[in-house]
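I opened this notebook to keep track of what I looked up in one protein model and how each term was set. The entries follow the order in which I went through the model.

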Amino acid sequence: MTAIDHVVHVALGERAYDILIGPGLIAEAGKILAERFPGRRYGIVTDDNVARTQLPLLVAGLEAAGLDYAVITVPAGEGTKSYQMLESVVEGLLAARLERGDLVIALGGGVIGDLAGFAASITRRGMDFIQMPTSLLAQVDSSVGGKTGINSPHGKNLVGAFHQPLLVLADLSALDTLDRRQFAAGYAEVAKYGLIDDPEFFDWLDAHLDEIFSGGPARGEAVARCCAHKARVVIEDEKEQGVRALLNLGHTFGHALEKDTGYSDRLLHGEGVSIGMVLAHRYSTRQGLAPGQDAGRVEAHLKRAGLPTTLGDIAGTLGSTDTLMAAIAQDKKVQRGALTFILTRGIGQAFIEKNVDPATIRSFLDEMRGQ
């Protein structure tokens, strides 16, 4: 009996799909897929870390259900979201003779979901795919909503497509394999949902933080609440023409920091988001938009989760403010060269601010670098 604790439906008309949340779903995936998508072959895209821990469970389940599959393994890490690895995945799918009606499985964290989903969107002019996120970050954020893509030397996620999955299987058991740092990095995206427009959820996270990290029932509830939140936003604004941009709270600063650190283990994506969310609250306070105590509370909460919160927490030497500003100028929210930031009037009160003065951001970064 498959243990499905929560089901979140993403109501996008013909592109609607379910997010199934529960323990052991990767091992049970063969049964689920055979029932929902009979007669398909599967191209599994994963990385070499997940291949050791989760791939054997998936493969055993597929074989038990009599399903045919091919496996494409790529290196782990943000650097895999590249043109070179995109070519490798596409050619692997073609070499396996997967047809347009077959399915791609993205088995891994956010990097694999983005890469495999983008590869599916362009292979044979568009194949369907299934997300099987194995990291907390991917389960609560990147696996939901159809954003796929790779990085460019000019910046993060600048090449890609909106391509919704047919199904998301969020296996809570996979989270038990994450080390503390990886889990904390994913938690930054969990906290983000409270900080955007749900202060009651942020209060709940404050009260249940230890249980979420230890693997109690609050963990599954947190994943489900985040997925439901994102589903609502995606339904309202699938292609990020409006409110979906709020989901980028902390990401403009965070992506610039990721680029500056070479998309390396010096700074994981969620760690960049953590610092970015604190910076967004601090900048909002400097502009007289938000109370300083809220910024302090956000920083204290993220520190309690074991996350970096200041530029000084990043290992090694950061590039110049000019370098960071150049990365910010390539942010995908930029319109006609004008900067757009997600700012806040306090916890749970994020908003989109267009035409932000670059000089104020530059001055703010100089100040933050000195702390």
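I began with the word buried, which stands for a relative accessible area under 20%, while exposed stands for over 50% and partly exposed for what lies in between, with a 1.4 Å probe and protein chains only. The model is predicted, so to speak of local features a pLDDT of at least 70 is needed and side-chain atom pairs count only at pLDDT 80 or more, although totals for chains, interfaces and linings use all residues. Residues are numbered from 1 along each chain as its sequence is written, and side-chain values use heavy atoms, leaving out hydrogens and water.

**Entry 1, cysteines.** I looked for disulfides, meaning pairs of cysteine sulfur atoms within 2.5 Å, and the search of the whole structure found zero. The sulfur of Cys 226 has its closest cysteine sulfur in Cys 227, 7.0 Å away, which is too far for a bond. Cys 227 is buried, because its relative accessible area is 0%, and Cys 226 also counts as buried, at 0% relative accessibility.

Glu 189 lies in helix H7, residues 180-197, where helices (H or I, at least four residues) and strands (E, at least two) are DSSP runs numbered from the N terminus. Glu 189 counts as buried, at 0% relative accessibility. With contact taken as heavy atoms within 4.5 Å, and leaving aside neighbours within four places in sequence, Glu 189 touches residues including His 251, His 269 and Val 273.

His 269 is placed in helix H11, residues 269-286, and at 16% relative accessibility His 269 counts as buried. Leaving aside neighbours within four places in sequence, the contacts of His 269 include Lys 156, Glu 189, His 251 and Glu 258.

I then followed an open sheet of seven strands, in the order E1-E2-E9-E6-E5-E3-E4, with mixed pairing; two strands pair if DSSP finds at least two bridges between them. Strands of a sheet pair through backbone hydrogen bonds, either parallel or antiparallel. Strand E3, residues 42-47, runs parallel to E4 and is joined to E4 by six bridges, and Asp 47 stands opposite Val 74 in E4.

Helix H4, residues 83-95, packs on the sheet and touches E3, E4 and strand E5 (103-108), its direction making about 165 degrees with that of E4. For such angles, axes are lines fitted to C-alpha atoms, for helices over the stretch in contact, and the angles run from 0 to 180 degrees between N-to-C directions. Helix H5, residues 110-122, lies across E3, E4, E5 and strand E6 (128-133), running at about 165 degrees to E5.

Leu 55 is in helix H3, residues 55-64, and is buried, with a relative accessible area of 11%. I also noted that Leu 55 and Gly 108 are 53 residues apart in sequence and 9.3 Å apart in space, C-alpha to C-alpha.
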